[in-house]
Amino acid sequence: MSVGGGSTSLLIRAIGPTLGTLGVAGALADPSLRLESNGSLIAQNDDWSTGTAADALRQAAARVGAFPLPTASRDAAVQPSLTAGSFTAQVGGGAGVGRRRRPGTSARAAGRDGLQQGIALDHPM
């Protein structure tokens with residue numbers, strides 16, 4: 001993904017087990033998420049609600065219209081503030097099905113509060 005001029009806050013999620021609760025067969029059981037730029041680690045997460053950012057991630061998802069993640073789910077999420085550049089979101093966690101979706105807003109269009117959002121897990125692995 002690319003970010004244009006200025007600073008942009010993104011919500012990036014790797015959804016696996018929550019897809020299973022929504023009827024998606026073969027969803028990743030425990031995805032992990034890494035965000036890199038030119039080989040440098042920018043952000044990473046495994047099990048979104050176990051870190052200190054859980055409340056901020058929950059609030060960001062609500063602001064952009066993303067479906068909520070259950071507390072203690074093994075889904076992954078990060079909310080970095082990025083400056084202009086190119087970034088790669090990598091999802092680990094084995095083989096399974098995932099989905100990329102930008103509910104409510106695209107990664108290029110800011111929401112009403114300036115937060116941008118995208119989900120990083122996309123194809124069967």
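Reader: Where is arginine 13 found?
Author: Arginine 13 is in strand S1, residues 2-14. Strands here are DSSP runs of E, at least two residues, and helices are runs of H or I, at least four, numbered from the N terminus.

Reader: What can I rely on here?
Author: This is a predicted model: local features need pLDDT of at least 70, side-chain atom pairs count only at pLDDT 80 or more, and totals for chains, interfaces and linings use all residues. Residues are numbered from 1 along each chain as its sequence is written, and side-chain values use heavy atoms, leaving out hydrogens and water.

Reader: Back to arginine 13. Which backbone oxygen does its side chain reach?
Author: That of phenylalanine 67, at 2.9 Å.

Reader: New topic. Where does serine 49 lie?
Author: Serine 49 is in the loop between S3 and helix H2 (54-64).

Reader: Is serine 49 buried or exposed?
Author: Serine 49 is buried, at 18% relative accessible area. Buried means under 20%, exposed over 50%, partly exposed in between, with a 1.4 Å probe and protein chains only.

Reader: What is serine 49 in contact with?
Author: Leaving aside neighbours within four places in sequence, Ala54, Thr71, Ala72 and Ser73. Contact means heavy atoms within 4.5 Å. A polar atom of the serine 49 side chain also lies 2.9 Å from the backbone nitrogen of alanine 72.

Reader: And the hairpin of S2 and S3: how many residues are between the strands?
Author: There are 2, and asparagine 38 in this hairpin has a positive phi near 50 degrees.

Reader: What stands opposite arginine 34?
Author: Glutamine 44, in S3.

How values were computed
Pairing = 2+ DSSP bridges. Polar contact = N/O pair within 3.5 Å; in protein donor to acceptor, adjacent residues only side chain to side chain.
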